[in-house]
2 protein chains.
Amino acid sequence: MTDFTWTRAQFHLPMGMIYLDGNSLGPLPKAAPARIEAMLRHEWGEQLITGWNASGWMAQPRAIGDRIARLIGAEPGHVVMGDTLSIKVYQALAAALKLRPDRRVVLSDSGNFPSDLYMAQGLVKLLGQDYRLRVVKPTEVAEAIDENVAVTLLTEVDYRTGRRHDMAALTALAHEKGALTVWDLAHSAGALPVDVSGADADFAVGCTYKYLNGGPGAPAFIYVAPRHADLAEPALAGWLGHAKPFDFDRDYTPGAGIERMRVGTPPVVQMTLLETALDIFDRVDMAEVRKQSVRLCEQFIGLVEESCPQLRLFSPRDPAQRGSQVSFRAENGYAIMQALIAEGVIGDFRAPDVMRFGFCPLYIRETDVEEAVGILARILRGALWDRPEFLRRKAVT
Amino acid sequence: MTDFTWTRAQFHLPMGMIYLDGNSLGPLPKAAPARIEAMLRHEWGEQLITGWNASGWMAQPRAIGDRIARLIGAEPGHVVMGDTLSIKVYQALAAALKLRPDRRVVLSDSGNFPSDLYMAQGLVKLLGQDYRLRVVKPTEVAEAIDENVAVTLLTEVDYRTGRRHDMAALTALAHEKGALTVWDLAHSAGALPVDVSGADADFAVGCTYKYLNGGPGAPAFIYVAPRHADLAEPALAGWLGHAKPFDFDRDYTPGAGIERMRVGTPPVVQMTLLETALDIFDRVDMAEVRKQSVRLCEQFIGLVEESCPQLRLFSPRDPAQRGSQVSFRAENGYAIMQALIAEGVIGDFRAPDVMRFGFCPLYIRETDVEEAVGILARILRGALWDRPEFLRRKAVT
């Protein structure tokens, strides 16, 4: 049984703030500052170069990978940490394309996060030879998968709408047409139960600073299905992915399985920070997180529709087709969001008019949802958003 | 005037240890633990998502880049931080190759760090179309630069021998033959004055966990010469390298100049850690560091040759042709190094028989050199290395 009172107590939540933006950057685990201070003083400070073995820094990317594996339904030993999500997208996509050398099309959709599309654009441009990226609407992906598609590159949960793809169904369809799949789990890992193995996914990648609370700049992860793990050719052939890095051979020989997806020196401090968050996740049942997340989202939608008729639901109404976030559209969405933030309710805004709210049961309660909607309704009733300070346009990150 | 007593006082040096391995992982700046604790509690903890602007996280890669720029003789605004050195090698090499589309050869040498060679191998394999990596001996680089070479990929200072290439001369030679240059400054930046602009280098990359004391997994940097900055095509086309990342366009448009070399979310905690080290470097004159480093290396060589006749100098004898490290060969090098480490003198070992010592004047004094050689001589005289515990073979990182 996941104890949500316990999980909530593990996070630092600023006084007076209702944080509905854990889908952008999750809050700080309370244990992190002391752990990092100890790591700096005792590991780096005292052990220096010997820390790579003595403190297990070298083993972290795989050890943490195994903890992520449980959360995404991956086989143990088939997830490794490192780099950023964009780099992991590139690695997965390049490897997948080489496994389908007779095909030239990468298929993605307009609901994908732009960086995934950009990385794909950069890769197909570099490869030349008629490689191309085809981008269709999310609803058109299924019919667009044909015998020309080498790889589908899809994000399970849409960063704006929260719309969730059916990973198993689309993967089955892709395989039927001879294509491989790369799944981006940025808005899935830690938010809902994922089953990459059960869905028969070929590659999966994700970040750990959103729902997984690894902190700003936390490392990414990559999963390669066991059937491809020893065949995937690493385009980013770094020394820590070498079969014997410390032999300092002049020629690259890929390491066994997922090892070859390691590239350069891992970000040890960010990895250690992530470990403090995973200490919490180790005691969490993702099925229960999902159940509670659906409850919070449904509560939010119900209350908003009841008390804020100006807002129009932008997320799918069916919880089964949604991730752990809810978006509403409003003509003055930007100003309304600024007013909300000024009142301590943190969500975020995506142009032109989307207000996005993330719900993480690990630290968000039903009373928080109630209070947040109360504030939102008050802002709308009193037209509080219509003050000059909220209408001033500035960059939102 | 660089005050080496002051700089030494800024680092945590373990009691009883003489650390001659700052060329692998530099020691901890004393200010780092408190700074990171504050960053975690007040920036991440309290500001959460707003920290990207409020605490300048988004600006860090360029702001830190400018501080690195001073150390490597780069024009301000032309260095950016992020990822790992291997990734930056790949970025630079891919961009350089696209600037010489009619050529197919990447020229490197056997003194280059293996990861650079591996990344190049991965890239040319991915590109196909007759792209290839040619590896010659360090002494044969000059004559191997011909009209087929698209790019030279060289590390200025050899990680094993400390041998230093003449960056300006080889760059001039490359340009004469129509080739571009990618310089790896892993063992140069923070160790000796570098002048990428004066040498007319096209691209330069480096890491910050060695001489620059950024900690395990510290971010890398990349320099692109102003004349290429707006022409270089980013193979790793990430959203933070986009001209307008927060417009969330579907198509990639490279950012202006060095901005396009950004990829994904920067490792904010590792960046902040590096800042505490650069606070020290900001008060350091690299010409004086170099002078003192040469003095320490000369002292070490002189004392070792006087008192340890079993060891053979593996580094160039001429200081002008050397970085800030000295290597000696010895038949029982591995066991001798283990005995040294057990006595608190930390160097490292590279197969088959190379003992490597780094000298960082920021925290290593002449008395340390004297004491280290005294211990080394005692070990060799007493054949202390010949004990079973030192002959046991184990992995050295």
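This tour visits a sheet with its covering helix and then a pair of helices in a predicted model. Residues are numbered from 1 along each chain as its sequence is written, and chains are lettered from A in the order in which they are written. Local features need pLDDT of at least 70, side-chain atom pairs count only at pLDDT 80 or more, and totals for chains, interfaces and linings use all residues; side-chain values use heavy atoms, without hydrogens and water.

**First stop: the sheet**

Select β9, β10, β13 and β12 of chain A, which in that order form an open, antiparallel sheet of four strands. Strands (E, at least two residues) and helices (H or I, at least four) are DSSP runs numbered from the N terminus, and two strands pair if DSSP finds at least two bridges between them. Because β9 (312-313) and β12 (348-350) of chain A each have a single partner strand, they stand at the edges with one side lacking a neighbour in the sheet.

Next, select β10 (residues 325-329) and β13 (residues 354-358) of chain A, which are antiparallel and joined by five bridges. Here A:Phe328 is placed opposite A:Met355 of β13(A).

**Second stop: two helices**

Now select helix α6 (residues 114-127) in chain A and in chain B; the two pack at about 70 degrees, with axes 9 Å apart. Axes are lines fitted to C-alpha atoms, for helices over the stretch in contact, and angles run from 0 to 180 degrees between N-to-C directions. Contact (heavy atoms within 4.5 Å) is made by A:Leu123, A:Leu126 and A:Leu127 with B:Leu123, B:Leu126 and B:Leu127.

**Last stop: the covering helix**

Finally, select helix α11 (residues 286-307) of chain A, which lies across β9, β10 and β13 of chain A at about 20 degrees to β10(A).
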